[in-house]
Amino acid sequence: MNFLEERIIKDGIVKEGNILKVDSFLNHQLDVSLFEQMGIEWAKRFQDVEVNKILTIEASGIGIACVVARQFDVPVVFAKKSHSVNLDGDMYTAEVESFTHKNKNQVIVSKKFLNNDDKVLIIDDFLANGCALQGLISIINQAGASVAGIGIAIEKGFQNGGQIIRNMGYKLESLAIVDSMDASTGTIEFREQKLY
Ligand code: 5GP
């Protein structure tokens with residue numbers, strides 16, 4: 001087991017409805033040293049790709065992305081959830097359905113912060129059905145920029161987002177892939193991963 005899998009076993013809580021609660025280190029209280037380890041791991045996994053910007057989505061992705069950005073020495077841009085319907089033309093927009101809140105959000109990124117020569121590493125906390133990632137990829141495409149890679153902390157491998165994104169040809173590196181989890185027993189099983 002790697003460091004993140006060990007931490008999930010130690011502090012993660014399996015909830016009904018296929019939700020893994022990790023708010024003691026990833027989603028509410030933040031273990032910044034753990035984020036640093038995650039950054040070092042992604043720096044290894046993406047050492048062959050050129051990255052000049054990190055893109056994430058508010059709120060949970062921001063803390064992770066900021067720590068990871070220190071490894072790559074690049075700025076972080078986060079997609080904002082917007083409730084306004086009257087958006088001006090200075091924004092890239094995408095619609096994202098929230099897995100945890102079951103609602104739809106318009107997410108926006110200012111055109112000032114994403115350009116057609118950007119090579120963007122996407123970072124996020126969870127991958128479930130892939131809606132959040134599809135929205136971020138759409139925004140990168142609208143800017144004419146390219147997706148250098150995608151780093152996810154926890155992928156729920158029993159949902160189809162990971163397969164969809166890999167089938168699209170993106171280099172997706174999830175640090176922990178949960179293959180199954182059971183709320184009644186609290187057990188979590190991980191997919192075997194190549195060690196870096
Ligand atoms: P997706 O768009 O891939 O369906 O869901 C990804 C987003 O939903 C993540 O950014 C994360 O905020 C949230 N999410 C999905 N599944 C879980 C989960 O099991 N636990 C937590 N804490 N968040 C989740």
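**Helices over a sheet**

Student: Where do the labels and numbers come from?

Tutor: Helices (H or I, at least four residues) and strands (E, at least two) are DSSP runs, numbered from the N terminus. This is a predicted model, in which local features need pLDDT of at least 70 and side-chain atom pairs count only at pLDDT 80 or more, whereas totals for chains, interfaces and linings use all residues. Residues are numbered from 1 along each chain as its sequence is written, and side-chain values use heavy atoms, with hydrogens and water left out.

Student: How do the axes of H1 and H2 cross?

Tutor: They cross at roughly 145° and come within 10 Å. Phe3, Leu4 and Arg7 of H1 make the contact with Leu34, Gln37, Met38 and Glu41 of H2. These residues divide into 4 nonpolar, 1 polar and 2 charged. Here Ala, Val, Leu, Ile, Met, Phe, Trp, Tyr, Cys and Pro count as nonpolar, Asp, Glu, Lys and Arg as charged, and the others, Gly among them, as polar.

Student: Is Arg7 buried or exposed?

Tutor: Arg7 counts as buried because its relative accessibility is 19%. Buried means under 20% relative accessible area, exposed over 50%, and partly exposed in between (1.4 Å probe, protein chains only). Arg7 belongs to helix H1 (residues 3–11). Leaving aside residues up to four places away in sequence, Arg7 touches Gly12, Phe25, Asp31 and Leu34.

Student: Back to H2. At what angle does H2 pack with H3?

Tutor: Helix H2 (residues 32–45) and helix H3 (residues 60–72) pack at an angle of about 50°, and their axes are 8 Å apart. H2 is therefore oblique to H3. Angles under 35 degrees count as roughly parallel, over 145 as roughly antiparallel, 65 to 115 as roughly perpendicular and the rest as oblique.

Student: Which residues of H3 are met by H2?

Tutor: Gly63, Ile64, Val67, Val68, Gln71 and Phe72 in H3 are met by H2 residues including Phe35, Met38 and Trp42.

Student: What holds paired strands together?

Tutor: Strands of a sheet pair through backbone hydrogen bonds, either parallel or antiparallel.

Student: In which sense does E9 pair with E8, and in which with E10?

Tutor: E9 and E8 pair in the parallel sense over 6 bridges, with Gly151 and Glu173 as bridge partners. E9 and E10 pair in the antiparallel sense over 3 bridges, and Ser180 stands opposite Glu189 there.

Student: How many residues of E9 are buried?

Tutor: E9 is mostly covered, with 8 of its 10 residues buried.

Key:
Axes fitted to C-alpha atoms, helices over the stretch in contact; angles between N-to-C directions. Contact = heavy atoms within 4.5 Å. Pairing = 2+ DSSP bridges.
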